[in-house]
Amino acid sequence: MDFSAHLLFFFSLVGVFNGFILSALLLVKFQEAKALRWVSVLLILLCIRIGKSVLFYFNPELDKTILQIGLSAYFLLGPCLLNFVLASYSKTKNRYLTIHFLALSGFIIGFGIFMPYQLHPEIWQTWGYKGTSYFWLGYLLISSYTFYRLATAKSANNNAEFHLSMVVICGCWLIWAAYFFSSFTSYITGALTFSFVLYLSILFAPKLLRKPTANEKKYANTHISDDEYNQLIAKLESLMSESKLFTEPDLTLPRLAKRLGKRLGTSHNKLSQIVNRHYHCNFKQYLNGLRVEYAKHLLSSTNMPLEHLALECGFNSASTFFAAFKKLTGYSPNNFKHSENILSDS
């Protein structure tokens, strides 16, 4: 082989090797994520298919059993992709997905036993290759439509789940096209496309494969549209600035949600999600922030005793007021008032 052929061989096989490593990583590190198990299986099947292509391209006299294994893996790519989409978005039980995959696996293994490549090369070279290409195309179309329908219904086009599905589906389309149109390019194009897609995916892997935060798990089933979100934020800020609800010592999240609910009909879980999303803190921290800002205003404009001021701002006691004020401003109330007096005198 010349130098360019060595490069092709190297990059193609390295892609296959890294694909196996990534699939093992997915199985070990994300065992609880059922959808990622199907991504791992999909990667293994692709690696088998690509590895066969690389070996056959550089060694046309390759053993027919290896060719049969490669085409069998090619046959199972479509079902595996559809299972991934269904596991990601639908409530389909995992055992049904497994039965679907195992049934087709049994079919292709049985076909290979009764009609081996060694004895029936003409079937595998024509119907085997073309048939599996069209079989995968059918599953690609079904998977893409299923993904579009389920993702749209769930309105989840901004999360990592959506982005991962897009990467997997688009990557499969690119690899399928590279093989299907290889007569116009080169047979090795499929292997190189796989390596390109794999390395591009690895660049985004930290974002796509990160585990959801506690808040993301908590609010996984609570969807808020952008219009509803903006409306609730506007009403919340209006209530707080005009009515100063934060000064009520016994104000709780359910009570505030009930006050908002009179106008918009919202739940305390939805309100909690909005506060987390907009202010990047929990409800208690949000209230303390408003109370401390109001306390700063009163400290600058009145001579009210600190114990009374604490109650006026909504704190249950002076001690909780002092602790919250020091945490948010870095000063004690007395030091803050003293510094404000110096600034006003100067």
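Trainee: Which residues lie nearest the centre of the second largest pocket?
Mentor: Lys284, Asn288, Arg291, Phe315 and Asn316 do, out of a lining of 13 residues. A pocket here is worked out on a 1 Å grid over the protein atoms alone: it is an open set of points with protein on both sides within 12 Å along at least five of seven lines, and lining residues have an atom within 4 Å of a point.

Trainee: Which elements give two or more residues to that lining?
Mentor: Those are α12 and α14, the latter covering 318–329. The most comes from α12, with five residues.

Trainee: And what volume does the second largest pocket have?
Mentor: About 210 Å³. That volume is the space filled by probe spheres set on the grid points, which are joined across faces, edges and corners.

Trainee: Before I go on, where do the numbers come from?
Mentor: This is a predicted model, so local features need pLDDT of at least 70 and side-chain atom pairs count only at pLDDT 80 or more, while totals for chains, interfaces and linings use all residues. Residues are numbered from 1 along each chain as its sequence is written, and side-chain values use heavy atoms, with hydrogens and water left out.

Trainee: OK, big picture. How many helices and strands are there in the protein chain?
Mentor: The protein chain has 15 helices and zero strands. Both are DSSP runs numbered from the N terminus: H or I with at least four residues for helices, E with at least two for strands.

Trainee: How much of the chain counts as buried?
Mentor: 42% of the 346 residues. Buried means under 20% relative accessible area, exposed means over 50%, and partly exposed is in between, using a 1.4 Å probe and protein chains only.

Trainee: What share of the contacts with a separation of 6 or more comes from residues 24 or more positions apart?
Mentor: They account for 70% of those contacts, where contact means heavy atoms within 4.5 Å.

Trainee: Back to α12, then. Is leucine 298 buried or exposed?
Mentor: Leucine 298 lies in helix α12 and is buried, with a relative accessible area of 7%. Not counting residues up to four places away in sequence, leucine 298 touches Leu309, Glu312 and Cys313. Its C-alpha atom is separated by 9.5 Å from that of lysine 337, which is 39 residues away along the chain.

Trainee: How many salt bridges does the structure hold?
Mentor: Two. The cut-off is a side-chain nitrogen of Lys or Arg within 4 Å of a carboxyl oxygen of Asp or Glu. One of them joins lysine 296 and glutamate 293, at 3.2 Å from N to O.

Trainee: Where do lysine 296 and glutamate 293 sit in the helix?
Mentor: They are three residues apart in α12 (residues 283–301), so about one helical turn separates them. Lysine 296 is partly exposed at 22% relative accessibility, and glutamate 293 is also partly exposed, at 47%.

Trainee: Which side chains meet at 2.7 Å?
Mentor: Aspartate 250 and arginine 255, in a salt bridge. Aspartate 250 is partly exposed at 43%, and arginine 255 is partly exposed at 45%.

Trainee: Switching to the surface: which residues form a nonpolar patch?
Mentor: Ile109, Ile113 and Phe114, with about 390 Å² of accessible area together. Areas come from the Shrake-Rupley method with a 1.4 Å probe, and for residues only the protein chains shown count as cover. Patch members have over 30% relative accessible area and no salt bridge; nonpolar side chains (Val, Leu, Ile, Met, Phe, Trp, Tyr) are joined within 5 Å, like charges within 9 Å. Phenylalanine 114 is found in helix α4 (residues 94–114) and is exposed at 68%.

Trainee: Last one: what is threonine 132 in contact with?
Mentor: Leaving aside neighbours within four places in sequence, Leu71, Tyr74, Phe75 and Trp127. Threonine 132 is in helix α5 (residues 121–154) and is buried at 6% relative accessible area.

Note on methods. 1 Å grid on protein atoms, 1.4 Å probe; cavity = no way out; pocket = protein on both sides within 12 Å on 5 of 7 lines; lining within 4 Å.
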